[in-house]
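This report walks through one protein chain, element by element. Please keep the sequence and the model in view while reading.

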Amino acid sequence: RYKEAREYRRTKVDASYKYIFEVLSIRLGLDLTTVEEMILDATSLEAFDSFFAKGGSKTLKVFYQEGEAPGIECGRTIPGVVKGSKMMRFYVENTPDKFVGLCLFFIRCKNDSPISAKTIHEDIFFGVLDATEGLLRGVRNMIEKIFLPAILTTNNWGALSQTKQDTKDKQNFVETINRYLSFLEGATISIEGTVELKKIDYINFSKLQSFEKVTAAADNPDMVHQLEEVLMIWYRQIERVLTESKQMRKEADDSGPLTELEHWKCMSAKFNFIIEQIKGPNCKAVISVLKVGHSKLLRMWQELDARITDAANESKDNVKYLRTLEKVCQPLYNYDLVSMTHGIPNLINAIRMIHSVSRYYNTSERMTSLFIKVTNQMVTTCKAYITDGGLSCVWEQETSTVIGKIKDCMFLLKEYQKCFHETKKEILEALGEKTFEVSEMYIFGKSEAFFMSMNTMFTFQITEMITVVQTFCALSLSTIEGIDIMAVKFNNIYQSVQKKKYDFLDPRKTEFDVDFVNFMAKIEGLEIQIQTFMRTCFGRILSSQHALQLLQRFQNLRMPCLQEETVHTVGCILQHYVAELEATKKLYQIQKDDPPLARNMPPVAGKILWVRQLFRRIYEPINYFHKKSNILASPEGKAVVRLYNRTAYVLVEFEVVYHNAWMKEISQLQYPLQATIFVRHPKTGKFLVNFDAQIPEIVRETKCMIKLGLEVPEQAKKIVKIENNLKSKKLRLESLLQCYEDLCQETPMVFVNLMAPKMKKMEAVLRQGLTMLTWSSVTLESFFQEADQVLYIFKQFLKKVNDLSEVQIDLILKEISNTLLIVLPADGPIKVENMLTCNETYTKECAELLNHKSMHIEDAVQELI
């Protein structure tokens, strides 16, 4: 029956199961078959079915650890495994009595649809909780090494934006996780720090429970001696714990107030566990025997018992009162100085309450230590506030921002001291309340040293360093050719400071002073190299325009070390600019009568564009000198301005003259759209599209003038507006004439006279374009429709004629002859060529009759066809 159940479970194993088995196999280093068999040892696979099903469980947990070998209910016999022995096995969903192994878990975010074997690798997530070193440590390691790094590297926070408030929420969330990790660490230490009294294997304490056995043991000197040795072993263990608890604790310099709470929690757990063992059956049995035997060690033990009880009560009392600090201390562990400042009064009042109510913790030493820890945490939080939680280096921020943060921190210190002194004064004035006997030097010494150091350092060193970093960071953003080498050199200098492991905000660290001097010395050397680099770039000036563009890019670096070099460079460019003015003047004189035009430019606009290019060549440098430098105010600069004004006047005048002439020409031009759409060729008499060649040129000139920002006549603007319409009409007319000409060419000579009525009708339609229709006529569309209709009839009739066979043509000609009462030759049918080459009299008669009876012939032919 069990085997059948196992085989039934095996039949349920599909691709989704196999995927889970493969993941377990890879993680545990087991064979895939072994994993499958171990999973099938479970009496039910309901957990898998629920995980895969729609609306089922979102998690699947598989525990892997040592346990008792499965019995016959698993449905198989495991070779080499005896009943009751231990072996590594899987526990599916059901947590073992004591979890000391691995928890391999699978998670899916949504269960609104069943898991598909094709997409299972995308739908589920896998993780491992390692409890081989204890469950608390396993949970802590998972959060610290997996989840927290993932949170810190996450950029997409969903609905949370990048505002300052949302950033604080993220920081608070991370801080909450860190506090929870500290809690787990404290709980782990508390459990691991418990002292277990030594187990005595050579004495059976269960036999010392009744009064008779206790009395008998007390009468046995050897037994009493043995029990006294056991008691001394326990005594020395407990004495060692008490001695260690009284010793000076080794704490980190920056430990906060919650560290004090964690310490007393650990001590309370340790003492309480010892007391539980003292009250246990083994210790009670030993005490009972020694009491009956009147042992002299009992007095020592009783004193120790009182001491350990008092220590336990003290730790319990301290935990009770220090817990009141948890809530009021939370602002100290956030990066929000506003909430911290508002929370200082509550924190001081909580410490005052502990000082006045607590039986054990209200000593001067402990209160001073507690205040020192508050100061430590306050300084730590201020450092985090200045560096944005360690995300932003001090000199990567704006100087004003950092100085503002320092002022906020100094205000916090003043509020802390102010609230402390006000509370101390209230205690002195209150009746019956114990005064604050604490050392203010120890309490505020560290914070005052920190802020004094920050004030001094930021005034002289950090401010200077921030300025340097922000200035030289522009090197990496610049596109000046060759400047990247300077950027690399600066990054090497900057990284040498960044790699320092010491805390820059720690006032006790003096290494920064030395590093700052070295840093500034290297920066001075780099500034000299940048000046030399700039001088090299302007060693040969090809054009003032290009040189000034390059100079602008150097000025965009905003580096003070380049100011003198910039002044020198401007003077050199000005000298070169004078030569360019003369060259431009000569070039104008040479090319003004026939200037080179840009590609596809119309004549007038092309000349204006040419002269504008010459003007821009001399205007941009003089404009830069005027706005960015005072060099034009010098005597040399004034001479350059006079030369520029004379040259610019000539160039501007050239543009004005040509533009005015074009405006006058367009205004006097007769409106080109009043012309008829057709004209006849003077020699051939064919129809031609009468499209004025000036129109495309007017359009091009007008568009260019508009782009150049010049005035354009309304007449020209109207032509530009209907440009596409004119082009479309022109193409339709050309297509119409070409189609008519093609039909005429395709008409056989024998049917020319026959098709004459169609041709005349088309000619009549086209003649409208010689007299009545112009390019601005509103009836052009009806003209196109009429012409298309006539052409269509012409085309269809010609198609039918061309499709006739030779015999059909003979029959038609005979019928035509009969209709016209023409006697045909008796020697057979008249072929086309014969009809055209018969005697002259017949031809003339046929032609006259054809012309005279054309409409009747057409009807007859149409009917015959």
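The model is predicted.

Strand 1 (residues 59-68) pairs with strand 3 (residues 102-108) over 6 bridges, in the antiparallel sense. Thr59 has Ile107 in strand 3 as its bridge partner, and Lys61 stands opposite Phe105 in strand 3. Strand 1 also pairs with strand 2, again antiparallel, over 7 bridges. There, Gly67 stands opposite Met87 in strand 2.

## Helices on the sheet

## The chain as a whole

The protein chain comes to 34 helices and 6 strands. Of its 865 residues, 42% are buried. Among contacts with a separation of 6 or more, 74% join residues 24 or more positions apart.

## Helix 19 against helix 20

Helix 19 (residues 483-498) packs with helix 20 (residues 511-537) at an angle of about 180°. Their axes are 11 Å apart. The two helices are therefore roughly antiparallel to each other.

Helix 19 contributes Ile483, Met486, Lys489, Phe490, Ile493, Tyr494, Ser496 and Val497 to the contact. Helix 20 meets them with Phe519, Lys522, Ile523, Leu526, Gln529, Ile530 and Phe533. By class, this contact has 11 nonpolar, 2 polar and 2 charged residues.

## Buried and partly exposed helix residues

Gln377 lies in helix 15 (residues 364-386). Is this residue buried or exposed? At 9% relative accessibility, Gln377 counts as buried, because the cut-off is under 20%. Leaving aside neighbours within four places in sequence, Gln377 is in contact with Asp254, Gly256, Pro257, Leu332 and Tyr333.

His355 sits in helix 14 (residues 337-357). This histidine is buried too, with a relative accessible area of 3%. Not counting residues up to four places away in sequence, His355 touches Asn362, Met367, Lys434, Thr435 and Phe436.

Asp169 belongs to helix 7 (residues 164-192). Its relative accessibility is 32%, so Asp169 counts as partly exposed. Asp169 and Asn334 are 165 residues apart in sequence. In space, their C-alpha atoms are 9.8 Å apart.

## Cysteines

How many disulfides does the model have? The count comes to 0. Cys382 is in no disulfide. Its nearest cysteine sulfur, that of Cys409, is 3.6 Å away. The pair does not qualify because a disulfide needs sulfur atoms within 2.5 Å.

Cys382 is buried, with a relative accessible area of 0%. Cys561 is buried as well, at 13%.

## Positive phi in two loops

Most residues other than glycine have a negative phi. Arg558 has a positive phi of about 55°, although it is not a glycine. Arg558 lies in the loop between helix 21 (544-555) and helix 22 (563-591). At 69% relative accessibility, Arg558 counts as exposed.

Asn600 also has a positive phi, near 65°, and is a residue other than glycine. Asn600 is placed in the loop between helix 22 and helix 23 (603-628). With a relative accessible area of 65%, Asn600 is exposed.

Note on methods:
Residues are numbered from 1 along each chain as its sequence is written. This is a predicted model: local features need pLDDT of at least 70, side-chain atom pairs count only at pLDDT 80 or more; totals for chains, interfaces and linings use all residues. Side-chain values use heavy atoms; hydrogens and water are left out. Axes are lines fitted to C-alpha atoms, for helices over the stretch in contact, and angles run from 0 to 180 degrees between N-to-C directions. Helices (H or I, at least four residues) and strands (E, at least two) are DSSP runs, numbered from the N terminus. Angles under 35 degrees count as roughly parallel, over 145 as roughly antiparallel, 65 to 115 as roughly perpendicular and the rest as oblique. Contact means heavy atoms within 4.5 Å. Ala, Val, Leu, Ile, Met, Phe, Trp, Tyr, Cys and Pro count as nonpolar, Asp, Glu, Lys and Arg as charged, and the others, Gly among them, as polar. Buried means under 20% relative accessible area, exposed over 50%, partly exposed in between (1.4 Å probe, protein chains only). Two strands pair if DSSP finds at least two bridges between them.
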